[in-house]
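Open the model in your viewer and keep the selection tool ready. Each stop below says what to select and what is there.

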Amino acid sequence: MDKIVLVTGATGTIGKELLKQLKEQGVCVKIGIRDLKKAERLDTGNCPVVHFDYEKPQTFKSAFEGVSSLFLVTPMTSRIDELIVPAIDVAKQMGVDHIVSLGSIGSELDNSPLSIAEKCVLSCGIPSTILRPNLLMQNFGNLAGSIIKSSGLLYLPANRSRISFVDARDVAAATASALMDPSHKNHIYTLTGQEALDHYQIAHILSMVSGKTITYIPISHNDAKQQLQEAGWSENDTEIIIGLYEIARKGWCEEVRPDLREILKRDPVSFEQYAWDYRENWS
Ligand SMILES: NC(=O)c1ccc[n+]([C@@H]2O[C@H](COP(=O)([O-])OP(=O)(O)OC[C@H]3O[C@@H](n4cnc5c(N)ncnc54)[C@H](OP(=O)(O)O)[C@@H]3O)[C@@H](O)[C@H]2O)c1
């Protein structure tokens, strides 16, 4: 029987890309969606869509029915263990035999919701693969694209920190590999890009690609929070990005790791390549 993979977080940046890549590989995917209305805007192909919401335990059983491998995206909330443990318990009862869980770079160094979620997965008794991506390159388009395009300014609370940004397409490719290849069970990988850049270098690359001057303006933690909320970001999404920049300022996001290259057996996408591929965001 074909392996069935449940993709949670399928409407998110990484989940959407993972879904696309698994479908291209002909993998049997079940799509777990919190807000079913969003499925209408998603290219689901012939894959079944199920309701899956950590806040609604009644959605767990039908979501995990027939599933062998689970891609687990955890929401950022201080109640993470309250939400994730019951979901994993049901996954175990329903016979899920591998969890690929998305954490974040530095998860092992703090007590953030993603770090708590990782501990829950590691102690649940189901073989797991933990992926800890660095900040995503796609944040520039998602987070600041419209401001960069209209004003030529890149406001972020990064100071001079250097970050080995990773492309969400590479994180999705590594996730697909972890889901399909059992040799990745019981491994923890930190996924980074091929170079650590500061935001002055990022602004230089975006300027070169867009053909106009883009300037990085370092701002404070609180100003960033205010700006994102004024731009319509939810409190939750704002906290995720602000939290990631907080750890970047501590220098935790600078290291370039070999894990992604080893899994993909090729170089990770460079920031310059990302900037060209998504140039409509800045040009
Ligand atoms: N962005 C980064 O730079 C970065 C870096 C390292 C790690 N991470 C972590 O990697 C993970 C995925 O990142 P991403 O950028 O792809 O996230 P994203 O675009 O914000 O997507 C989050 C996904 O989780 C779903 N979700 C939220 N609350 C849920 C709930 N209660 N029940 C079920 N699903 C729920 C969302 O569904 P809706 O569409 O319904 O909201 C969405 O599909 C997150 O845990 C994030 O913290 C992100």
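Select Arg132: this residue is buried, because its relative accessible area is 9% and buried means under 20%, exposed over 50%, and partly exposed in between (1.4 Å probe, protein chains only). This is a predicted model, in which local features need pLDDT of at least 70 and side-chain atom pairs count only at pLDDT 80 or more, while totals for chains, interfaces and linings use all residues. Residues are numbered from 1 along each chain as its sequence is written, and side-chain values use heavy atoms, with hydrogens and water left out.

Glu108 and Arg132 form a salt bridge, with their closest N and O atoms 3.4 Å apart; the term stands for a side-chain nitrogen of Lys or Arg within 4 Å of a carboxyl oxygen of Asp or Glu. The pair links distant parts of the chain, 24 residues apart: Glu108 is in the loop between strand S5 (98-102) and helix H4 (113-122), and Arg132 is in strand S6 (residues 128-133). Helices (H or I, at least four residues) and strands (E, at least two) are DSSP runs, numbered from the N terminus.

Next, select H4. Is this helix largely enclosed or largely open? Seven of its ten residues are buried, so H4 is largely enclosed by the rest of the structure. Among the buried ones are Leu114, Ala117, Cys120 and Val121. To see what surrounds them, show strand S4 (69-73), helix H3 (80-93), S5 and S6: the buried residues of H4 pack against these elements, where contact means heavy atoms within 4.5 Å.

Go on to the other salt bridges. By the rule above, the count comes to 14. Select Glu55, Arg79 and Glu82, which are linked in a network of salt bridges. Between Glu82 and Arg79, the closest N and O atoms are 3.5 Å apart. Arg79 is partly exposed, with a relative accessibility of 32%. Then select Asp267 and Arg261, whose side chains meet in a salt bridge at 2.8 Å, N to O. Asp267 is partly exposed at 46%, and Arg261 is partly exposed at 36%.

Lys38 lies in the loop between strand S2 (28-33) and strand S3 (49-51), and its relative accessible area is 34%.

Now turn to the backbone. Most residues other than glycine have a negative phi. Select Asn159, which has a positive phi of about 50 degrees. Asn159 is found in the loop between strand S7 (153-156) and helix H6 (168-180). Then select Asn186, with a positive phi near 65 degrees; this residue is in the loop between H6 and strand S8 (187-191). Asn186 is exposed, at 61%, whereas Asn159 is partly exposed, at 42%.

The last stop is Glu195, in the loop between S8 and helix H7 (199-210). Which residues does Glu195 touch, not counting those up to four places away in sequence? They are Ile163, Ser164, Phe165, Val256, Ser270 and Phe271. Finally, select Gly211 as well: Glu195 and Gly211 are 16 residues apart in sequence and 23 Å apart in space, C-alpha to C-alpha.
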